[in-house]
Amino acid sequence: MAEQSFQLYDTTLRDGTQQEGLVLTVEDKLAVARRLDALGVGFIEGGWPGAVPKDTEFFRRARGELDLKNAVLAAFGATRRPGIPVSVDAQVRALLAAETPVVTLVAKSHTGHVQHALRTTLAENLAMIGSTVRHLVHAGRRVFLDAEHYFDGYHVNREYALAVVRTAAEAGAETVVLCDTNGGSLPDEVRAVVADTIAMTGAPIGIHCHDDTGCAVANTMAAVDAGAVHAQGTAHGYGERCGNANLFTVIANLVLKRGREVVPLERLRDLSRTGRAITELTGVRSNPAAPYTGLSAFTHKAGLHASALRVDPDLYQHTDPARVGNRMRTLVSDMGGRSSIELKARELGYDVAAGSEEVARAAARVKELENRGYSFESADASFVLLLREELAGGPGAPPFEVDSWAVGVSRRRDGDVRTEASVRLRVDGESVTATGHGNGPVNALDTALHSALDPYFPALTRLELVDYQVRVLNGQVGSGAAARVLISYRDGEQRWGTVGVDENTVTASWAALLDAVHYVLLDGPAEAHGSPSLAAAATAG
């Protein structure tokens, strides 16, 4: 059961969408809200009805389409305008029309903003806050008040900032949220201001931080330590400029580091999965190094780390990644040595003995290949093939043989450019020839391989090339320099990669394509002989 006294408030659908490049449809917003609700977030701010047509539509549809189990929906908007009776203010009426249980009001707490942005008096601003809060409370709404620019305003005129908090609380605001709107505060300042505000007003206080100093999460934690009972943030820290406090990091910190069960422990294990799902919905790539939920959050590369992790994973990890639905990963590189190879083999499901000859051979081969330009960090499938070969003492019988392949690019008089690839293979002694067309050599070769092999190996029909990267290797220049090709694939819901290196980019690409096909085809025989499933092991977790 989540801690009932603490208010965990998400503003991804409103403040988060101010991030450059992040645009959500109403359908997207409904889907994100469902994910956040399933995680156990207490409040979801849906947007600004009346001011943004898309948000007005969101609240209309939410009434019939959102069946929230854990969260309460909040509408966001401003206090009444200066000199306008609250009962006729169009913005306030739109907030009521949204029919949400909670309304979050934004109000100025910085004297400069009151006088220059609102162009009204300090007294009228307090009257606007008091009358709007009372009006909404009288209408049956729970009201939160976001005190905008509070920390800057506190330093300019402490007494007025405190008066804003008192006015809102006395009018019936359930929580007054102190906003570090410009994101310029540091943790010691936040802690001191929050503690003083609580002492001087007695009001329930919340915190809303931006990340312009890189301290949004630290500032949020400092505020909670000082007595704040409400914390706001966004998924992945989405937001304007440098973003907001990353709500996922705040949740994990509160639960795991402070013992505050703001979401139930069993739901904390869904944290990483929720992050991935929201990334897919927004189309904005998340930071792989993000605390707790990032792909690299529990990833180890250095040989010293790997050696210690082999003895005890806790020696280089501050918490068990499974608690937040993530997993430990070991990167295979020339920095790692035998310990990294051993850990990676076990991660992939292989039972290898410490210090075994096979591990030593694999480690030596990785170092030699990486010295030639290979990189296995993003090419788990290629590493699995290498490891399998070393453990088996040889390459084994291939599922098919390559006789030849060719690629041609031609340009017609009408300007149309055509790329055609042909492959000649041998499957069970039978010669197979196929051609493929594409928008480039790699696409054409991939198409030709599928045409030749899919009828014999149905498992390949699910194999889809999703990303292709070429990098000229360091220390070499010109069009004849060697290149490293990394290709990413999707096989159903699983994703993995392969690598190829050659002075000829197409040849390097062909090697990576072949690794992908061999990886899929060797998976079946491996399971038949009791070995771990390669695709499942490479993408476990």
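Gly153 touches Ser109, His110, Arg158 and Ala161, when residues up to four places away in sequence are not counted; a contact here means heavy atoms within 4.5 Å. The structure is a predicted model, in which local features need pLDDT of at least 70 and side-chain atom pairs count only at pLDDT 80 or more, while totals for chains, interfaces and linings use all residues. Residues are numbered from 1 along each chain as its sequence is written, and side-chain values use heavy atoms, with hydrogens and water left out.

Gly153 belongs to helix H6, residues 150–156. Helices (H or I, at least four residues) and strands (E, at least two) are DSSP runs, numbered from the N terminus. With a relative accessibility of 1%, Gly153 counts as buried; buried means under 20% relative accessible area, exposed over 50%, and partly exposed in between, with a 1.4 Å probe and protein chains only. Between Gly153 and His110 lie 3.9 Å in space, C-alpha to C-alpha, although they are 43 residues apart in sequence.

The chain as a whole has 19 helices and 16 strands. It consists of 541 residues, of which 53% count as buried. Among contacts with a separation of 6 or more, 67% join residues 24 or more positions apart.

Beyond four places in sequence, Tyr150 touches Ser109, Ala161, Leu162, Val165, Leu178, Cys179, Val193 and Thr197.

A search of the whole structure finds 0 disulfides, a disulfide being a pair of cysteine sulfur atoms within 2.5 Å. For Cys179, which is in no disulfide, the nearest cysteine sulfur is that of Cys209, 8.6 Å away. Cys179 is buried, because its relative accessible area is 5%. Cys242 counts as partly exposed, at 47% relative accessibility.

Strand S7, residues 205–209, is mostly covered, with 5 of its 5 residues buried. In a regular strand the side chains alternate between the two faces of the sheet. Ile205, Ile207 and Cys209 point one way from S7, while Gly206 and His208 point the other way, and all are buried. Strand S6, residues 175–180, pairs with S7 in the parallel sense over 5 bridges; two strands pair if DSSP finds at least two bridges between them. Within this pairing, Val177 stands opposite Gly206 in S7.

Two residues other than glycine have a positive phi. Phi of Glu99 is near 60 degrees, and Glu99 is placed in the loop between helix H3 (90–97) and strand S4 (102–108). Glu99 counts as exposed because its relative accessibility is 53%. Phi of His236 is also near 60 degrees. The loop that holds His236 runs between strand S8 (230–233) and H10, and His236 counts as buried at 17% relative accessibility.

Further pairs link separate parts of the sequence. Glu503 is placed in the loop between strand S16 (494–502) and helix H18 (505–528). Glu503 is exposed, with a relative accessible area of 60%. Ala195, in helix H8 (residues 187–201), is partly exposed at 34% relative accessibility. The C-alpha atoms of Ala195 and Ala223 are 7.9 Å from each other, and the two are 28 residues apart along the chain.

The mean pLDDT of the chain is 88, and 90% of its residues reach 70 or more; pLDDT is the predictor's confidence in each residue, from 0 to 100. Over residues 524–541 pLDDT stays under 50, and the model has 33 contacts beyond four places in sequence for them. Where pLDDT is low, the predicted coordinates should not be read in detail.
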